[in-house]
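Look over the sequence and the structure first, then read on.

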Amino acid sequence: MLDKIFQLKAHDTTARTETIAGITTFLTMAYIIFVNPNVLAKAGMDHGAVFVATCLAAAIGCFIMGFLANLPVALAPGMGLNAFFTYTVVLQLGHSWQTALACVFLSGVLFILISLFRIREWLINAIPNALKKAIAAGIGGFLAFIALQSAGIIVDADGVLVKMGSIISFAPLMTALCLLLIIAFIHYRVPGSVMLAILIVSALGVLFHNQPLPPSLIATPPSLAPTFMQMDFRSALDPAMYSIIFAFFFVDLFDTAGTLIGVTERGGLVRDGKIPNLKKALLADSSATVIGAVLGTSNTTSFIESASGVAVGGRTGLMAVVVGILFLLATFLSPLAQMVPGYATAGAILYVSVLMMYTVGEIDWHDLTEAAPVAITFLTIPLTYSIADGITLGFISYAIIKLVCGRYRELNIGVLTLAAILLFRLIWVHG
């Protein structure tokens with residue numbers, strides 16, 4: 001039955017290999033069940049409900065990807081977009097988390113539409129590679145800035161906005177230890193490196209800093225009611241929110257495209273330069289975002305950590321299904337998630353930021369017409385505390401610099417259209 005559903009023999013794999021690959025992938029991405037509730041709770045959302053929503057959205061996304069697209073790609077609420085949700089849309093711009101959830105839902109619907117009507121190729125091809133890499137790196141910088149603040153390593157300061165905090169305090173030291181453990185574990189190929197580091201630092205918090213220990217590590221999943229179907233569409237459909245919906249959609253689209261390319265190439269699944277079942281894979285990703293918003297979490301997206309499962313032999317959607325089953329089982333670990341402190345998840349967020357910032361090394365820094373817009377995007381995303389504002393300034397500067405320097409032939413209609421729309425957005429929001 002499994003061979004018929006997932007074409008195991010055709011992909012030269014077995015159910016045992018796919019199961020091992022699924023377990024490996026889950027261990028590398030399970031940190032999200034601790035990190036995501038901590039991030040979204042700062043937006044005022046119920047921690048327990050977000051924990052369950054995170055696990056369910058991940059499981060459903062994995063099942064859709066596995067059965068529909070038959071690709072070894074696991075999904076879960078993504079880092080970066082959850083930070084944008086909390087720190088920009090809610091805390092900085094002052095919108096309710098219910099409005100932010102509605103924006104996530106609408107971005108998922110938009111993603112479904114562009115997948116159905118083949119607009120995705122135009123969009124993906126229209127954006128210069130330099131800006132794609134700059135956006136990924138900028139989100140990495142944004143995550144690092146958030147993690148350093150959360151740990152108390154960076155604090156508020158008069159006159160200069162921020163300064164270094166007391167780095168010998170317990171929280172900064174534990175954050176640094178968590179990051180160090182993750183790096184060491186990954187270097188020595190320890191399974192579940194990120195999750196293991198989080199649990200060790202959490203245990204140290206219980207031992208030395210009066211972090212409360214739950215009576216049991218396993219319990220009935222918390223109620224989903226506080227976040228289920230809590231979207232405020234009336235506020236989300238205000239024209240001022242369109243740029244936020246676009247930012248959710250835009251980042252999710254390119255994050256998904258990059259992950260699918262990377263994972264399928266690693267697994268040798270790309271044929272004639274094409275990803276198999278790409279349309280179905282994008283539909284799985286976008287559908288998971290819509291379902292996740294209904295449940296009560298930020299954008300659900302494909303995880304690059306799927307490459308760890310592919311590295312040990314995962315080649316089909318059965319790997320994703322195994323990951324989904326493990327996420328369902330994880331719903332019974334809510335007491336464990338509740339005891340994970342912010343300084344432990346801050347270390348994991350710093351690790352993710354490092355992974356995202358590697359793209360700056362692929363930029364041609366000798367070409368100023370490419371380097372300048374990249375630098376503007378990379379710097380303004382964290383410094384404006386807004387992915388949307390960073391993307392806006394990046395596109396506008398790219399188009400203007402290319403025009404001023406006589407390199408207009410490198411601009412396509414897509415870039416010019418997006419730059420014009422974002423310029424209007426900049427004047428509307430910040431004028």
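## Helices α4 and α13

Ala53, Leu56, Ala57, Ile60, Gly61, Ile64, Met65, Leu68 and Ala69 of α4 touch Lys280, Ala281, Ala284, Ser287, Ala288, Ile291, Gly292 and Leu295 of α13. Contact here means heavy atoms within 4.5 Å. By class, this contact has 13 nonpolar, 3 polar and 1 charged residues. Ala, Val, Leu, Ile, Met, Phe, Trp, Tyr, Cys and Pro count as nonpolar; Asp, Glu, Lys and Arg count as charged; the others, Gly among them, count as polar.

This is a predicted model, in which local features need pLDDT of at least 70 and side-chain atom pairs count only at pLDDT 80 or more, while totals for chains, interfaces and linings use all residues. Residues are numbered from 1 along each chain as its sequence is written, and side-chain values use heavy atoms, leaving out hydrogens and water. Helices (H or I, at least four residues) and strands (E, at least two) are DSSP runs, numbered from the N terminus.

## How α4 and α13 cross

Two packed helices are described by the angle between their axes and the distance between the axes. The axes of α4 (residues 47-69) and α13 (residues 278-295) come within 9 Å and cross at roughly 160 degrees. Axes are lines fitted to C-alpha atoms, for helices over the stretch in contact, and angles run from 0 to 180 degrees between N-to-C directions. α4 and α13 are therefore roughly antiparallel. The cut-offs are under 35 degrees for roughly parallel, over 145 for roughly antiparallel, 65 to 115 for roughly perpendicular, and oblique for the rest.

The crossing of α4 and α13 is right-handed. A crossing is left-handed if the near helix is turned anticlockwise from the far one by less than a right angle, and right-handed if clockwise.

## Helices α10 and α17

α10 (residues 193-208) packs on α17 at about 155 degrees, with the axes 8 Å apart. So α10 is roughly antiparallel to α17. Their crossing is right-handed. Val194, Ile198, Val201, Ser202 and Gly205 of α10 meet Tyr343, Ala344, Ala348 and Tyr351 of α17. This contact has 7 nonpolar, 2 polar and no charged residues.

## Helix α8 and its partners

Helix α8 (residues 129-150) has 22 residues and should span 32 Å at 1.5 Å a residue; its end C-alpha atoms are 32 Å apart, which agrees. The expected span is 1.5 Å times one less than the number of residues. Glycine 152 follows α8, with a positive phi near 80 degrees.

α5 (residues 81-92) packs on α8 at about 60 degrees, with axes 11 Å apart. That makes α5 oblique to α8. α5 passes α8 in a left-handed crossing. Ala83, Phe84, Tyr87 and Thr88 of α5 meet Phe142, Leu143 and Ile146 of α8.
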